Amino acid sequence: MYANKSVFSQPMELELTPVAQAEYQELSELWEASVRATHQFVRPEDVEFYKALLPGYFPAVRLTAARDAAGRILAFLGTKDGNIEMLFVHPSYRGRGIGSRLVRHAVAQLGCTRVDVNEQNEQAVGFYERMGFAVESRSETDAEGFPYPILHLVLPGCACGASE
């Protein structure tokens with residue numbers, strides 16, 4: 001379904017759209033591909049545990065998809081109450097500015113100024129720091145109580161956008 005990113009050399013045209021419930025399975029597949037490519041520190045059985053929780057997570061957030069010209073979902077963002085709750089980019093499309101565009105949208109249009117990131121996901125930590133976020137605090141475990149430390153990041157001094 002997704003092409004190899006080496007094929008691409010031109011900037012992509014993207015459309016940011018809401019996600020329909022009928023697309024949750026597609027989001028789950030994208031989520032799993034992204035997590036397996038970027039979260040090597042998570043035990044395989046824990047990936048399966050989190051995957052089983054996705055159907056409950058999706059309706060609890062405002063979902064925004066980044067779609068290519070053919071309408072395929074290349075990445076998605078979940079936000080709630082000023083927080084970026086989830087951001088996943090298909091591994092074939094990482095490094096193409098899609099995540100940055102979704103974060104800029106979350107900040108400017110949805111009023112998001114906070115995000116939690118796995119401390120062990122150094123690429124994600126660096127990404128959010130390049131986007132202007134700074135570490136505010138740290139938790140030893142994730143929200144499910146697993147031993148994956150979480151960094152709580154905030155966008156300092158931001159008086160941005162509207163709230164959800």
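**Exercise 1. The largest pocket**

Which element gives the most to the lining of the largest pocket? Determine this for the predicted model, and describe the pocket.

*Solution.* 
- Step 1. The space in the largest pocket amounts to about 1300 Å³.
- Step 2. Its lining comprises 47 residues; Glu85, Met86, Leu87, Phe88 and Asp116 lie nearest the centre.
- Step 3. Two or more lining residues come from each of helix H1 (24–38), helix H2 (44–57), E4, H3, strand E5 (114–118), H4 and strand E7 (150–154).
- Step 4. With seven residues, E4 gives the most to this lining.

**Exercise 2. Confidence and overall architecture**

*Solution.* 
- Step 1. The average pLDDT of the protein is 89, and 88% of the residues score at least 70.
- Step 2. Among contacts with a separation of 6 or more, 64% are between residues 24 or more positions apart.
- Step 3. Of the 164 residues, 45% count as buried. The protein exposes about 8600 Å², of which carbon and sulfur atoms supply 50%.

**Exercise 3. Strand E2 and its partners**

Why is strand E2 described as largely enclosed, and with which strands does E2 pair?

*Solution.* 
- Step 1. Strand E2 covers residues 62–67; five of its six residues are buried, so the strand is largely enclosed by the rest of the structure. The cut-off for buried is under 20% relative accessible area.
- Step 2. E2 pairs with strand E1 (residues 15–18) in the antiparallel sense, over four bridges. In this pairing, leucine 16 stands opposite alanine 66.
- Step 3. E2 is also joined to strand E3 (residues 73–80), again antiparallel, by six bridges. Here arginine 62 has threonine 79 as its bridge partner.
- Step 4. The hairpin of E2 and E3 has five residues between the strands, and glycine 71 adopts a positive phi near 90 degrees in this hairpin.

**Exercise 4. Helices H3 and H4**

Which residues of H3 and H4 are buried, and which elements do they face?

*Solution.* 
- Step 1. Helix H3 (residues 98–108) has Ile98, Gly99, Ser100, Leu102, Val103, Ala106 and Val107 buried.
- Step 2. The cover over these H3 residues includes E1, E2, E3, strand E4 (83–89) and helix H4 (122–130).
- Step 3. In H4, the residues Ala124, Val125, Gly126, Phe127 and Tyr128 are buried; the buried residues of H4 pack against E4, H3, E5 and E7.
- Step 4. After H4 comes glycine 132, with a positive phi near 105 degrees.

**Exercise 5. Aspartate 46**

Is aspartate 46 buried or exposed, and what does it contact?

*Solution.* 
- Step 1. Aspartate 46 is located in helix H2.
- Step 2. Its relative accessible area is 3%, so aspartate 46 is buried.
- Step 3. Setting aside neighbours within four places in sequence, aspartate 46 is in contact with Phe146 and Tyr148.

Terms used
Residues numbered from 1 in each chain as written. Predicted model: local features only at pLDDT ≥ 70, side-chain atom pairs only at ≥ 80, totals over all residues. Heavy atoms only, no water. pLDDT = per-residue confidence, 0-100. Buried < 20%, exposed > 50% of the residue type's maximum accessible area, 1.4 Å probe, protein only. Contact = heavy atoms within 4.5 Å. Areas by Shrake-Rupley, 256 points an atom, 1.4 Å probe, with all protein chains shown as cover. Pairing = 2+ DSSP bridges. 1 Å grid on protein atoms, 1.4 Å probe; cavity = no way out; pocket = protein on both sides within 12 Å on 5 of 7 lines; lining within 4 Å. Points joined across faces, edges and corners; volume = space filled by probe spheres on them.
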